[in-house]
Amino acid sequence: MNISITKTTAPKTKPQDESKLGFGNIFSDHMFLMDYEKGKGWFNARIVPFENLSLNPACAVFHYGPEVFEGLKAYRTAKGNIQLFRPIENVRRMNNSADRICLPQMDEKDMLKAIKTFVEVEKDWVPHAEGTSFYIRPFIIGVDETLGVHTIQKALFVIIGSPSGSYYPEGINPVKIMIETEDVRAVVGGTGYAKCGGNYAASTRAGHKAELQGYSQVLWLDGIERKYVEEVGAMNVMFKIDGTVVTPKLLGSVLPGITRKSCIELLKDQGVQVEERQISVDEVIKALEEGKLEEAWGTGTAAVVSPIGELSYKGEKYTINNFEIGETTQKLYDTLTGIQWGKIEDKKGWIEKI
Ligand SMILES: *Cc1c(COP(=O)(O)O)cnc(C)c1O
């Protein structure tokens with residue numbers, strides 16, 4: 001795959017104060033684009049100045065939602081090098097997501113090359129301050145210009161990037177989570193395991209309701225019995241009960257998080273017992289009442305780990321670990337961020353240098 005590169009003639013000024021970056025509001029100078037047509041495959045890989053896309057209003061993505069995306073970060077080490085964390089996992093997941101909703105897949109090596117070349121071009125946009133990163137958002141949209149409902153014949157692969165601030169500028173803060181008993185995010189057989197925009201559209205209402213009540217996110221239950229725990233907001237969830245870490249098994253409705261997978265590997269390396277299985281909300285509440293729920297946290301690329309300090313279920317409120325970050329959660333955070341920012345040696349082969 002050849003990538004043509006057209007550099008901007010009007011580079012933007014980069015944010016001076018990296019403590020005010022926030023998340024996903026500022027975009028770098030360029031974007032990666034590639035077209036797909038059935039019969040022809042992927043073609044015209046190019047990096048061009050960042051600008052609005054021009055699309056026919058009849059394009060499928062505006063009506064029926066064929067869209068999949070990924071989210072990963074480029075990290076700047078103390079020495080000034082730039083590196084990615086397990087990017088091949090994002091590439092594979094993007095293809096699995098695309099497969100689920102009949103968007104075209106892409107050669108793994110090509111997609112990885114696209115991501116790495118894009119970061120290389122935008123390397124000066126990777127911020128320097130502690131805890132900051134360059135968030136990379138690859139996505140594929142179906143752009144057939146017809147209102148007819150058919151499998152996609154034309155698609156666009158795009159990568160944009162955004163310098164992002166530290167998720168925890170004031171230190172790690174436990175969050176309050178509401179267990180959602182009405183709306184569901186996904187069901188087995190649906191698109192829960194795919195990283196697609198449609199899942200987010202379906203989950204917005206519950207998230208909004210939780211926010212109005214002072215919670216930062218919802219804990220999703222399974223779509224059939226409202227009995228088993230699935231995820232927390234857009235993060236996977238883990239519970240430490242009586243010394244064992246329990247996390248929902250990937251049965252089709254849960255997104256296979258790369259942070260989740262990495263946490264499981266690290267915990268096992270540390271000799272911690274990990275169980276991937278179904279866990280009911282009743283089991284969680286019982287463990288809370290018996291004082292056996294030692295820690296709970298969400299996992300995801302954005303926050304790495306996010307400790308849960310309070311759970312609310314059917315109007316009852318339960319505090320976890322005195323609303324403090326637990327030992328296991330802290331250790332996972334320190335180890336993962338240590339590897340990502342190059343402070344800890346990567347013995348797992350997870351780091352890909354740019
Ligand atoms: C992206 C995502 C996650 C976390 O995945 P990571 O690979 O760890 O960032 C979890 N749940 C949902 C719904 C997601 O979209």
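How many aromatic pairs does the structure hold?

A: The structure holds 11 aromatic pairs. Rings of Phe, Tyr and Trp (its six-membered ring) pair if their centres lie within 6.5 Å; planes under 30 degrees apart count as stacked, over 60 as edge-to-face and the rest as tilted. This is a predicted model, in which local features need pLDDT of at least 70, side-chain atom pairs count only at pLDDT 80 or more, and totals for chains, interfaces and linings use all residues. Residues are numbered from 1 along each chain as its sequence is written, and side-chain values use heavy atoms, with hydrogens and water left out.

One of the pairs is Y36 with W42, which is tilted, with 5.2 Å from centre to centre and 55° between the planes. Y36 is buried, at a relative accessible area of 16%, and W42 is buried too, at 18%. Here buried means under 20% relative accessible area, exposed over 50%, and partly exposed in between (1.4 Å probe, protein chains only). Ring pairs also link Y36 and W42 with F32 and F157 into a cluster.

Another pair is Y167 with Y168. Their ring centres are 5.2 Å apart and their planes stand at 75°, so this pair is edge-to-face. Y167 is partly exposed, with a relative accessible area of 48%, whereas Y168 is buried, with 11%.

Some rings have a charge over the face. That term applies if NZ of Lys or CZ of Arg is within 6 Å of the ring centre and within 35 degrees of the ring normal. K12 lies over the face of F50, 4.9 Å from the ring centre. K40 lies over the face of F43, at 3.9 Å from the ring centre.

Now the ligand. There are 14 residues around the ligand, and K195, Y200, E231, T259 and T301 come nearest; a residue counts as near if one of its heavy atoms lies within 4 Å. By class, this shell has 5 nonpolar, 5 polar and 4 charged residues. Ala, Val, Leu, Ile, Met, Phe, Trp, Tyr, Cys and Pro count as nonpolar, Asp, Glu, Lys and Arg as charged, and the others, Gly among them, as polar. An N or O atom in the side chain of E231 is 2.6 Å from a nitrogen atom of the ligand. For T301, an N or O atom of the side chain is 2.6 Å from an oxygen atom of the ligand.

Notes: A polar contact is a pair of N or O atoms within 3.5 Å; within protein, one must be able to donate a hydrogen and the other to accept it, and residues adjacent in sequence count only if both atoms are side-chain atoms.
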